[in-house]
Amino acid sequence: MEEIYYTICELSPAALLLVWRDVPEFRGVALSMAEESSELRKRIGKTWLEKESKEAIALIKQLRHYFSGELDNPPIESLDLSGINGFTRKVLFTLRDKVPAGKVVTYGTLAAMSGFPRAARAAGSVMSNNPFPLFFPCHRVVLSGGRLGKFGPGQKLKQILLENEGVEVKPGGIIPAKYFL
């Protein structure tokens, strides 16, 4: 039986839980506000082992570059993407490759960009089940009326991530039209 390892790192403004097995590919990522990192500890399995690895340290360093505005998207080379296939893979990679930092799209637009113009709800489902937030930047997907919409770690973090990328968020969580692709 493979052992499961994890590490939690605080990257202002977020805290991040990285999970991996014996091979140094990350199997999952979870986010929370940095001051709510105790929430991440609730997701840890009873048999998981806390561990630092050179791969985790390298990934954390790259994430620090992302949060400082030096990277559009954190690199995905160390992620285990083997379980992401078909529609989900197409939507996640379309998001990553075609929606740069500082821009947003609606669920419907993302679905259409992915080749599935009638699949806005399905694209929303992909975003809500995204195993690698930040790496596949689901915080850049908003509601059709320009509102922030839901985000697993909370709307506050979604707003902070977008503002960190240069997107203005008006009161009420409204994104001005100039930020839409």
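Leaving aside its neighbours within four places in sequence, which residues is Ile160 in contact with? They are Pro13 and Met33, where contact means heavy atoms within 4.5 Å. The model is a predicted one, in which local features need pLDDT of at least 70 and side-chain atom pairs count only at pLDDT 80 or more, while totals for chains, interfaces and linings use all residues. Residues are numbered from 1 along each chain as its sequence is written, and side-chain values use heavy atoms, with hydrogens and water left out.

Ile160 itself lies in helix H6. Its relative accessible area is 24%, so Ile160 counts as partly exposed; buried means under 20%, exposed over 50%, and partly exposed in between, with a 1.4 Å probe and protein chains only. His65 is 95 residues away from Ile160 in sequence and 16 Å away in space, C-alpha to C-alpha. One of the two contacts of Ile160, Pro13, has its place in the loop between S1 and S2. The peptide bond that leads from Ser12 to Pro13 is cis, with omega near 15°. Most peptide bonds are trans.

For the overall layout, the protein has 6 helices and 6 strands. These are DSSP runs, numbered from the N terminus: helices are H or I with at least four residues, strands E with at least two. Along the sequence the pattern reads β-β-β-α-β-α-α-β-α-α-β-α. The C-alpha trace spans about 45 × 35 × 30 Å along its principal axes. The radius of gyration is 16 Å, which agrees with the value near 16 Å for a compact globule of 181 residues; this radius is taken over C-alpha atoms, and the globule rule is 2.2 Å times the number of residues to the power 0.38. Buried residues make up 49% of the 181. Of the contacts between residues at least 6 apart in sequence, 58% join residues at least 24 apart.

The sheet comes next. It is open and has 4 strands in the order S3-S2-S1-S4, with mixed pairing; two strands pair if DSSP finds at least two bridges between them. Strand S3 (26-33) and strand S4 (49-50) are the edge strands, each pairing on one side only. Between strand S2 (residues 14-20) and S3 the pairing is antiparallel and runs over 7 bridges. Within S3, Gly28 is the residue that Val19 stands opposite. Helix H6 (residues 155-164) packs on the sheet, where it touches S2 and S3, and its direction makes about 100° with that of S3. Helix H2 (residues 54-67) lies across strand S1 (5-11), S2 and S3, and runs at about 25° to S1. For such angles, axes are lines fitted to C-alpha atoms, for helices over the stretch in contact, and the angles run from 0 to 180 degrees between N-to-C directions.

Helix H3 (residues 86-98) has 13 residues and reaches 18 Å from its first C-alpha to its last, close to the 18 Å expected; the expected span is 1.5 Å times one less than the number of residues. Its buried residues are Val91, Leu92, Thr94, Leu95 and Arg96. They pack against helix H4 (107-113), helix H5 (120-128) and strand S6 (141-142).

Leu134 lies in the loop between H5 and S6. Why is Leu134 classed as buried? Its relative accessible area is 1%. Phi of Leu134 is near 80°, a positive value in a residue other than glycine. Most residues other than glycine have a negative phi.

The largest nonpolar core has 42 residues, and those with the most contacts inside it are Leu16, Leu18, Met127, Phe132, Leu134 and Phe135. Such a core is a set of buried Ala, Val, Leu, Ile, Met, Phe, Trp, Tyr and Cys residues joined through side-chain atoms within 4.5 Å. At least two residues of this core come from each of S1, S2, S3, H2, H3, H4, H5 and H6. H2 gives the most, with 6 residues. Apart from this core lies another, of 9 residues, among them Ile4, Tyr6, Ala15 and Ala30.
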